[in-house]
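Please look through the sequence and the model before reading on.

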Amino acid sequence: MTDRIKKIAAKLDAFEADAMLVTDEINVGYLSGFTGDSSYLLIQPKRTSILTDGRYETQIAQECPSLSPAVRTSSKTMLQLVQEVLTGSGAKRIAIEAAHLDLHSFRQMAKSCPQQQWVETSGVVEACRMIKDTEEIATIRQSVRISEQTFRSVIAKLRGDWSEREIAYEMEATMRFLGADGVSFPPIVAAGASGALPHYRPSDRSLSGDATLLVDWGAFYQGYASDLTRTLHRPHASDAFCSAYQAVLAAQLAAIEAIRPGVDASAVDAAARETLAGAGLAEAFKHGLGHGIGLQIHESPRMSSISSETLQTGMVITVEPGVYFEGDFGIRIEDDVLVTENGHEVLSTLAKGLDDCRLML
């Protein structure tokens, strides 16, 4: 964690700032190792303070002993603590996380700290978070393993009279049983025509006679997310579905093959999009190819046609092309992929061929 803080401190000169005030809770935890909430970091070249309240004194001493704690009492607001710490720090130009500080809070802070000048920054900590270290990658691997075990377990005992919601609840319970802290997002379980809605919410409808079932899920393990999707089909699935499925799979494989350091994220998106266009399905692919995962389910880099990022070793991204036909069916196939020095590694191992994804009920 000290190394992460040093990376941010090294950027202060580029902002012509004396310090950076980190207010986003996820970024505070990433930099410091602190697992509580309602706390800020003030990063200076040779000193980092954590601004918090009395609930966390012992926790901070245990989790981040190298930081200088500034603890407010119940009679003091966080704004007053910020003013006190900034005054004592001697810092005059303060970099802030503009995307994480609402306008009202900023105006109040600027009013209470008239001696300070404020430098807007965006995505400073997030840029560091894009590149995962060895420990982070190992944690994501385990998150993926839990997700895969969950899918195998639930599908093996699935019955035709189960509702979409019951399947989703069973997946959540199984992930926790297997060691997850929770889910990285509410599972999407979509039968038949519901699969044509990319962010569908499970309902009480049973699988009944539906020919297809789209399942999008992920575990949250020790702070890190995974994100997988498989689309299953029953024997009476239409020829149109089977043809589209093969095209989506080909698009995903083409995109994965394009992943390596130095490649633009937009080029990876294009590899999938061009494959689907060749199958006459360009208009049915209605979203970007994927996104980074880590402490949040959606992180940088964004994998889309308008992405400006370039892939780097240590990024973990999703590759999830999909096609959607209103009133009929939807197909999405998603895996989590690590960008390595020599190319890529697909972290998820669930079979995804058309025959592998038959659903026998």
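The model shown is predicted. In it, strand S10, made of residues 219-221, is joined to S7 by two bridges, and these strands run antiparallel.

**Sheet with S7, S10 and S11**

- The strand order in this open sheet of three strands is S7-S10-S11, and the pairing is antiparallel.
- Strand S7 (182-183) and strand S11 (224-225) form the edges, each of them pairing on one side only.
- Val 183 has Ala 219 in S10 as its bridge partner.
- Lying across S10 and S11 is helix H8, which spans residues 134-156 and runs at about 140° to S10.

**Sheet with S8, S9 and S12**

- Three strands make up this open sheet, in the order S8-S9-S12, with antiparallel pairing.
- Its edge strands are strand S8 (188-191) and strand S12 (228-233), and each has a pairing on one side only.
- On average, neighbouring strands in this sheet are turned by 10° against each other, with direction ignored.

- Six bridges link strand S9 (residues 212-217) with S12 in the antiparallel sense.
- Opposite Asp 216 stands Thr 229, a residue of S12.
- Helix H9, covering residues 164-177, lies across S8 and S9 and runs at about 150° to S8.

Terms used: Residues are numbered from 1 along each chain as its sequence is written. This is a predicted model: local features need pLDDT of at least 70, side-chain atom pairs count only at pLDDT 80 or more; totals for chains, interfaces and linings use all residues. Side-chain values use heavy atoms; hydrogens and water are left out. Two strands pair if DSSP finds at least two bridges between them. Helices (H or I, at least four residues) and strands (E, at least two) are DSSP runs, numbered from the N terminus. Axes are lines fitted to C-alpha atoms, for helices over the stretch in contact, and angles run from 0 to 180 degrees between N-to-C directions. Contact means heavy atoms within 4.5 Å.
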